[in-house]
Amino acid sequence: DIVRTKEKKLRVINHLELEKYLYGVLYREVPHYWPMELLKAQAVAARTFALHRMELARGKEYDVTSDVYSQVYGGISSEKRRTTRAVDATKGKVLTYDGRIVPTYFHSICGGHTEDAKKVFEQGLRPLSGRRCPYCRGARGEFWKASYSYKQIEERLNNYGIKVKGLNYIIEGKRDRSGRVETIRIKDREGVKEIKSYKFRLALGPNSIRSTNFSITIMRKGIFFRGKGWGHGVGMCQWGAFGMSKRRFSYKQILEFYYPSAKLEKR
């Protein structure tokens with residue numbers, strides 16, 4: 001469908017069956033040459049997450065977008081033989097908790113401990129309460145560094161909607177049990193402000209400030225960040241799931257580990 005929006009722009013809506021949609025998702029979320037049990041776990045997580053988004057989108061013109069705000073969908077050109085096999089092997093299987101679809105968030109690298117969903121999405125749920133993860137240790141991209149000038153940080157915070165004037169100091173707030181920073185305290189001409197760390201990360205850029213598990217060093221010309229992990233940290237750690245599959249864990253065991261208390265069922 002091609003729909004004209006209120007802003008007089010065109011929106012293209014692609015209608016797909018759920019399983020065929022997943023064919024174009026998996027390759028965009030994990031490498032198609034990774035172990036099959038990991039691919040199956042990702043297929044179940046992606047299917048369940050799509051159904052969760054569909055529940056949220058009731059009454060709207062479309063269920064999901066094709067980008068990271070839903071799940072990355074690459075169309076038929078992203079369909080690969082092994083990822084299609086993983087989708088077919090788990091057809092219809094989803095995760096539920098107390099009879100409801102679980103919002104099966106996933107991310108690249110947790111850095112040793114997954115995050116409680118309440119800290120990021122303000123959504124408390126037993127399967128998303130976070131747990132220690134020893135399986136992503138040594139993952140490519142586990143550790144990262146980034147640096148910004150005070151001016152760059154101020155500009156990005158303002159662009160994000162956090163008003164700052166004359167930024168001159170930044171300090172880490174307390175950490176949660178996963179090791180991640182919960183809040184960032186900044187000082188400008190108007191005084192001290194406290195910002196949720198996940199909002200601070202999104203403002204500066206999630207591909208440079210890769211997680212909220214970081215330390216801050218004050219430099220003469222700006223701020224130096226050193227951290228570990230990649231992504232919001234909630235739900236399944238993809239590199240951890242890779243590590244589990246290499247140790248011969250089944251896809252069911254992987255899902256049980258990252259979504260404890262969730263039930264695998266067919267719908």
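## Helix H7 and its burial

The buried residues are Ser197, Tyr198, Phe200, Arg201, Ala203 and Leu204. Helices here are DSSP runs of H or I with at least four residues, strands are runs of E with at least two, and both are numbered from the N terminus.

This is a predicted model, in which local features need pLDDT of at least 70 and side-chain atom pairs count only at pLDDT 80 or more, while totals for chains, interfaces and linings use all residues. Residues are numbered from 1 along each chain as its sequence is written, and side-chain values use heavy atoms, with hydrogens and water left out.

Ser197 lies in H7, which covers residues 197-204, and this serine counts as buried because its relative accessibility is 4%. Leaving aside residues up to four places away in sequence, Ser197 touches Val181, Glu182, Thr183, Ile184 and Thr212, where contact means heavy atoms within 4.5 Å. Just after H7, Gly205 takes a positive phi of about 125°.

Three strands form an open antiparallel sheet in the order S7-S8-S9, two strands being paired if DSSP finds at least two bridges between them. Strand S7 (169-172) and strand S9 (191-196) are the edge strands, each pairing on one side only. The twist averages 20° from one strand to the next, with angles running from 0 to 180 degrees between N-to-C directions and axes being lines fitted to C-alpha atoms, for helices over the stretch in contact.

S7 and strand S8 (residues 183-188) run antiparallel and are joined by four bridges; Ile170 stands opposite Ile186 in S8. H7 packs on this sheet, touching S7, S8 and S9, and its direction makes about 90° with that of S9.

## Packing of H3 and H9

Elsewhere, helix H3 (residues 36-56) packs with helix H9 (residues 251-258) at an angle of about 55°, their axes lying 8 Å apart. H3 and H9 are therefore oblique to each other, since angles under 35 degrees count as roughly parallel, over 145 as roughly antiparallel, 65 to 115 as roughly perpendicular and the rest as oblique.

On the H3 side, Glu37, Leu38, Lys40, Ala41 and Val44 meet Tyr251, Ile254 and Leu255 in H9. The residues of this contact divide into six nonpolar, no polar and two charged.

Conventions
Nonpolar A, V, L, I, M, F, W, Y, C, P; charged D, E, K, R; others polar. Buried < 20%, exposed > 50% of the residue type's maximum accessible area, 1.4 Å probe, protein only.
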